[in-house]
Amino acid sequence: MGKLKHVLAATLALSLAGPAIAAADDIKMGALATLEGAFTVLGEDGMRGVKLALQEFDYTAGGKKIELVTGSSDASPDSAVRAVRKLVEQDGVQIVIGPLSGSEGLAVKDYAKTQPNVTFLNGSSAAQDTTLRSPAENFFRFSTEGAQWMAGLGEYAYNEKGYRKVAVLAEDYSFPYTQVFGFLEPFCRLGGKSPIDARFWVPIGNKDYSSVIAALPDDVDAIFVALGGADAVNFLTQYEQSGGDLPLIGGSITVDQSVLGSKGKARSFVVGTPSAGPVSDTWDDPRWKEFVAAYKKAFPDGFPSPSLFAHAYYINSKAALLALNEVNGDLSDGEKKFREALSNLSFETPTGMVSVDERRNAIADIFLTEVIEGPDGNLMNKTIKVIPQVNQTLGVSYDKFLEYGQVGRENPSCS
Amino acid sequence: MRNFIERHTFWAIVLLLVVVLFLWMIFAVWPDWLVEAFGRKKTFVNTLLNGVTLGGLYFLVASGFTLIFGLMRNVNLAHGSMYLLGAYIGYEVADRTGNWFLGLAVAFLAVAISGVLLQVLIFRRMANDDLRQTLVTIGISIIAADAMLAIWTGTTYQFSPPDWLFGAADLPIISVIKSSGAAVYIKYPVFRLVVLAIAVAVGIGLWIFLNRTRIGMMIRAGVNDREMLAATGVNVQLVFVLVFAIGAGLAGFAGVIGGTALSVAPGEDIRYLLASLVVVIVGGLGSITGAAVGALIIGLAEQFGLAYFPTYGVVLTFLIMVVVLAVRPQGLMGGRG
């Protein structure tokens, strides 16, 4: 027993000492994603995106080796802060990529303000206020956010699908608020309705949707569903089981690969569900196809096609690596040059050109999609339309956009 | 029963009235003023059924938990991991053989065996040291969660039950009568009714086992005073192993049932552990009846919360727990404090 204790102590000491062995002029990059909880699958794909970008650069940028340190959260803001604090304060990373989920992003942005010498690049978190209101100087988001992702969907639902009144089912935190806002704002401006009492907000990680399904009103044309990961899978199965027959409109992560690619009964009834987001599985463009091929080659056990999480983490990581190349790995003086390079960066991604605005939020192309059944039986998102260069204020001026008010359960009121 | 009515006549009448009211609300066609006040009947009846069936699922998980605690005074915080392990094993078997029932059986057996191993290899070494046992179970649950994440990744799994268990059935309960005079019947997922039936069957089975068999008698005696039981010449360790096997097996069994009704994903272990804890705190630690009552209350609270005030629904569950702890700390059916 005594011997075992010593061995254990030694192993522990070694594993703790591990990160400190790295050579002094390596650059330490921290990646933070949800590797536990309801969004595990999403976080795993996010990490694949980081690794894909690093592999593309052969783990070197600006003439220096990049050392990757990973951190895990469970989609709650405090777990994200805990994990990022460990990355920054214990592991001493100089650049952070992450987090994954909306409210985590808000918390990490606030933390970023207390660490002016570290640069934070978003993972895939997509709450509006991470960059819109009181942004942090050192937080960059090269992936777009939830309201941008909905570009064109509200108009499509109203004009093409002919829906006039929709119910809303979404998780109760900042990212779905942003998505609901992004969808309803144009939908309601055109004349569509979504009464406040037909909006259902459920906690993250809710498993049993049958009562919510029973409470859904009959007199609506469709349901806008903004759930992610396991939550979306649960809802879709139970909706089918309970004989639901209203058409759905999907949030960006409700009908993406992390849901369509899950194991078990095929959810073929979602075929035809319109959605919008930063990626489209079947986009017929060489840049995207090349990205998909690289993803499939590097991660044979990943999804049939990279999810928007892999995509967002990839883009943010790539932005960091490109900027590092530009400044030759110079992170001195509070990473000043590096941040300047990031602010001026404009680069070609698998989904078109990306650059950031003055609040360091991305301007990028958005895809309007519809679920189809692929040739080998996989469910896929087909591109209906590409909306070019969507910015965070959705085309209006910053001041006017602020007048729309903060996203929330009742914005827009739309009744 | 008669005793209860004689002693608490007032409460018996209140209880009877509530039951009658519920039955009326389920079977009558709702008048307009009631729809005005409560929303549609469909919502109410479905929520009620959901609450009861979810309660059934919680009972399956919590009964094993409470059984183990009752006999061994061992708060097995790895109970949720056994639920999840059962679900994954069941999925693998059901997926490979295409037989859902085989998956169910194998999950029960495999997790029962893992329970036996836990008891024989670990808990027996630290008998009479409750705190240490509890801490060890936390450790096991953390390691098990990561090991399962490594093997089955974070993907959400969903069972494919036989077709006749999938889909919705018309219940003989009228939802509304259309203006044309045609009655609209309420639809309900078949599998959830099956969950309820299984929970009731398991509950009755456990009751018969505990109250009508010799081994059950030994277990009950052990719950009351295990030293005394040992002194009468019963091999207590063997009884412990048996109870652990049944308790763990039930968790694995519930994993397949729950994974079919809902889904399987990492994090479920904590969720069901928490649900079991709340259920047994409300119902009373160590009591099977308590687990049934607690599961029913928590299931209903969760579902009504979700349907009628989704945003704050979660609070309801814990509010009930707080009230029970304040008014009756030993739980509704708990015996000695």
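Where does A:Pro412 lie in chain A? Select that residue to begin, and A:Pro412 turns up in the segment after helix H14 (398–403) of chain A, where a cis peptide bond with an omega of about -5 degrees joins A:Asn411 and A:Pro412. Helices here are DSSP runs of H or I with at least four residues, strands are runs of E with at least two, and both are numbered from the N terminus.

This is a predicted model, in which local features need pLDDT of at least 70 and side-chain atom pairs count only at pLDDT 80 or more, while totals for chains, interfaces and linings use all residues. Residues are numbered from 1 along each chain as its sequence is written, and chains are lettered from A and ligands numbered from 1 in the order in which they are written.

**Chain A as a whole**

Buried residues make up 56% of the 415 residues of chain A, where a residue is buried if 20 or more other C-beta atoms, placed from the backbone, lie within 10 Å of its own, exposed if 12 or fewer do, and partly exposed in between.

**The open sheet**

Next, select strands S1 to S6 of chain A, which form an open sheet of six strands in the order S2-S3-S1-S4-S5-S6 with mixed pairing; two strands pair if DSSP finds at least two bridges between them. Strand S2 (60–61) and S6 of chain A are the edge strands, each pairing on one side only. Within the sheet, strand S1 (residues 27–34) of chain A runs parallel to S3(A) and is joined to it by eight bridges. To see one such pair, pick A:Leu32, whose bridge partner in S3(A) is A:Gly71. Helix H2(A) packs on this sheet and touches S1, S3 and strand S4 (95–97) of chain A, its direction making about 155 degrees with that of S1(A); angles run from 0 to 180 degrees between N-to-C directions, and axes are lines fitted to C-alpha atoms, for helices over the stretch in contact.

Then select helix H4 (residues 102–112) of chain A, which is largely enclosed by the rest of the structure because ten of its eleven residues are buried. Among the buried residues of H4(A) are A:Leu106, A:Val108 and A:Tyr111. Their cover includes strand S3 (64–73), helix H3 (77–90) and helix H7 (174–189) of chain A.

What sets A:Asp333 apart in its backbone angles? A:Asp333 has a positive phi of about 55 degrees although it is not a glycine, and its place is in helix H13 (residues 332–344) of chain A. A:Glu335, also found in helix H13 of chain A, has a positive phi of about 60 degrees and is likewise not a glycine. A:Asp333 is exposed, with 9 other C-beta atoms within 10 Å, whereas A:Glu335 counts as buried, with 21 C-beta neighbours inside 10 Å.

**Across to chain B**

Show both chains: 30 residues of chain A are in contact with 31 residues of chain B, a contact being two residues whose C-beta atoms, placed from the backbone, lie within 7 Å. Helix H2 (40–56), strand S8 (199–202), helix H8 (210–215) and helix H9 (229–241) of chain A each supply at least two residues of the side that touches chain B.

Chain B itself has 14 helices and two strands. Of its 337 residues, 47% count as buried. To finish, select helix H12 (residues 268–283) and helix H14 (residues 313–327) of chain B, which pack at an angle of about 35 degrees with their axes 9 Å apart. The residues making this contact include B:Val278 and B:Ile281 of H12(B) and B:Ile320 and B:Val324 of H14(B).
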